[in-house]
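Visitor: I'd like to learn how to read the features of a model like this one. Can we go through it together?

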Amino acid sequence: MPEILTQTSEEISVELKPAKAKPKPGKLFIGGEFVNALSARTFETRNPATGEVITEVAEAGPEDVDLAVRAARKAFEEGNTWRKMNPRDRSRLLWKLSELIRANAEELSELETLDTGKPIFESSRFDIPLSAECFEYYAGWPTKIAGETLANSSGGEALVYTLKEPIGVCGQIIPWNFPLQMLAWKVAPALACGNTIVLKPAEQTPLTALRFAELTLEAGLPPGVFNVVTGFGPTTGKAIVDHAGVDKIAFTGSVEVGKAIMRGAANTLKRVSLELGGKSPNIIFADADLETAAKFALGGIFFNQGEMCTAGSRIFVEEAGYDEFMSVLRGRAQKMVAGDPLHPKTRLGSLISQEHLDRVLNYVTIGRNEGASVSIGGERIGTKGYFMKPTVLEDVTNSMRVAQEEIFGPVASVIKFREPEEGIREANNSEFGLAAAIWTRDIKKAHLMARRVKAGTVWINTISTTDNAVPFGGYKSSGFGRELGRAAIDLYTETKTVWVDLNG
Ligand code: ADP
C-alpha cells in the first residue's frame, strides 16, 4: 500500500477544483450505439453521500442482453475489423484507451465519487489512474501472446504446436466498490486477447462504465466489440449468465452470487472465473515495526470505507506487542474524519446504501452480543448519506461471526494471540482465502508463514498493494482464476493444439 494512505487529513495538501462531471441519463451501449432499453424501462442511480438521484439509467431486460450478445458475436465472428486486426493495432487501441482515461481523469474521478460515495482523494489518486495503467499494461500484451512448440513421443515424426486463441464473447459482471478499476481488470485483458465483451456494471454504479463506452468510440474500437448493459443482477446479470451465445463469464462480487453464477453457467458449460469475498487476516507479530504496522492496518481496513474484498478485516496481534500496536491504531482511527466525498481532504466516504449501512451496523450489534467490545466507533455519522465511524472491535475471538463473515464496511475485528503457531492456525481458520498480511522483522519467519497462509496474495510488511502485472485471486470460497498479469491472458484464451504429421 502506498505510504500516502497512512497520512491523516491534516498531513495531505490538496487543491479544490471546479467540478467537470455532468452526469447525463444513461443508455445501453450495444453495437457501438447508445440505445434505450426495448422496454423503455429505466432506474435511478443515486449519490450515496446525499441520497439524491444523480440520473436515470436504462434497465436492460433479457431481450436487450440478447441484442448485446448478438452484437458481440457478430463483432467476434464476422467482418475484418476486430478478427483480422493485427496485434500491433490492437495494442495501439488499448494504449489509446488508457490515454483517453487519463485525459478525462478528473471527470471520471468525480463520476466515480458521485456514484460510490468514495473520497475523491481515492478515486483521483487510485481508481482512475490505476485503471489507465491497467490498459497501458495490457496494451503491451497483444504482440506477446504466443503458443509453444512441443516435444512429443508419438512414435513417428510430428510437429506439435499450440495457438492461444480468444475465447469469444465474454460476459463480465462487476461490483460497485471499484467500478472503473474492476472494468479495467476485466476489459483490458479480454480485449488484448481479441475477445468481445458484454459488460454489466453494478446497478449502484453504472456511470463510469457508460462514460468509458463513449471513450471506446473515441478510441475507434470497432462496433460490437465492447457492449454495456445496465441493470440488476437477478434479471440483466442472470440473462448474461444464461445466454447460450456467451462463452465465458468473469465475475467479481459476493460468494452467494458467485455460486449462483457457477450453477447457471454449468448449463451451457461456460468458462467461469470468480473473484469473491474475503476476510483477510492481517497478522502482527510482536517483533514487527509496530507503529508502521498500525498505520498500514488502518488503510488495510478503512480504505474505501472498508468496502473491499481484500480488506484486512481480521487483525491478529501477538500479545507481547498488543498494547503498543493498539494505541497507535486507536489513536489514528479516531482521527479519521468522514466528510463530503467530493472534498479533497475527506478520507472516509459514505457507504453505498442505507441497506448496506444497516447491515454493517448490525454486525456491530452481533459483535457486542458475542462478547466483543467496541473500542472505537460503532455508530452512524449524521442522518444524511450513509456515513459510519471507523470501528474497531476488540476482545474478538476467531470463531465469532464478526471474525468469520465478510462485513464489507469500516469494521476491524482485533484478535489477540499468544504465539506464532496459534496466530497462523487461527488466520487460516476461515472460509475465505483472498489475501493475508504478515508483519515481522524476522525474515525467515515471514517467508515460512507466507508459505503456510492459505490465500491468493500474501503481503509481508505491507498491505493492500496490487499491481497490474501481478496475479490476483482467491483460494477457497474467495473464488478461482487469477486476474491481472500474465495470468489474465490464460483466463481469456483457449489453447489449441495443432498436430502436423511429418512422416514421409
Ligand atoms: P455486492 O454484494 O458487492 O453487491 P453482488 O454479488 O450482489 O455483490 O453483485 C455483484 C454484481 O453481480 C452486480 O453487478 C450485480 O448486479 C450482479 N448480480 C447480482 N445477482 C446476480 C445474479 N443472480 N446473476 C448475475 N449477476 C448478478
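Visitor: How many salt bridges does the rule find across the interface of domain 1 and domain 2?

Guide: First, the ground rules. This is a predicted model, where local features need pLDDT of at least 70, side-chain atom pairs count only at pLDDT 80 or more, and totals for chains, interfaces and linings use all residues. Residues are numbered from 1 along each chain as its sequence is written, and side-chain values use heavy atoms, with hydrogens and water left out. A salt bridge is a side-chain nitrogen of Lys or Arg within 4 Å of a carboxyl oxygen of Asp or Glu. Across the interface of domain 1 and domain 2, the rule finds zero.

Visitor: Where do the two domains lie in the chain?

Guide: Domain bounds come from an automatic or database domain assignment. Here domain 1 covers 28-276 + 479-497, and domain 2 covers 281-468. Their centres, taken over C-alpha atoms, are 31 Å apart. Domain 1 puts 33 residues into the contact and domain 2 puts in 30, with contact meaning heavy atoms within 4.5 Å.

Visitor: What area is buried between domain 1 and domain 2?

Guide: Buried area is the accessible area (1.4 Å probe) that two parts lose on being put together, summed over both. For this pair that's about 2,400 Å², with 62% from carbon and sulfur atoms. On the domain 1 side, Pro48, Glu122 and Trp176 lose the most area, together 21% of what that side buries.

Visitor: Which residues come nearest to the ligand?

Guide: Being near means having a heavy atom within 4 Å. Of the 16 residues around the ligand, Ile174, Trp176, Lys200, Glu203 and Ser254 come nearest. A ligand oxygen is 2.9 Å from a side-chain N or O atom of Trp176, and one is 2.8 Å from a side-chain N or O atom of Lys200. For Gly233, a polar backbone atom is 3.3 Å from a ligand oxygen.

Visitor: How many salt bridges does a search of the whole structure find?

Guide: That search gives 24. One of them pairs Glu59 with Arg41, whose closest N and O atoms are 3.6 Å apart.

Methods
Polar contact = N/O pair within 3.5 Å; in protein donor to acceptor, adjacent residues only side chain to side chain.
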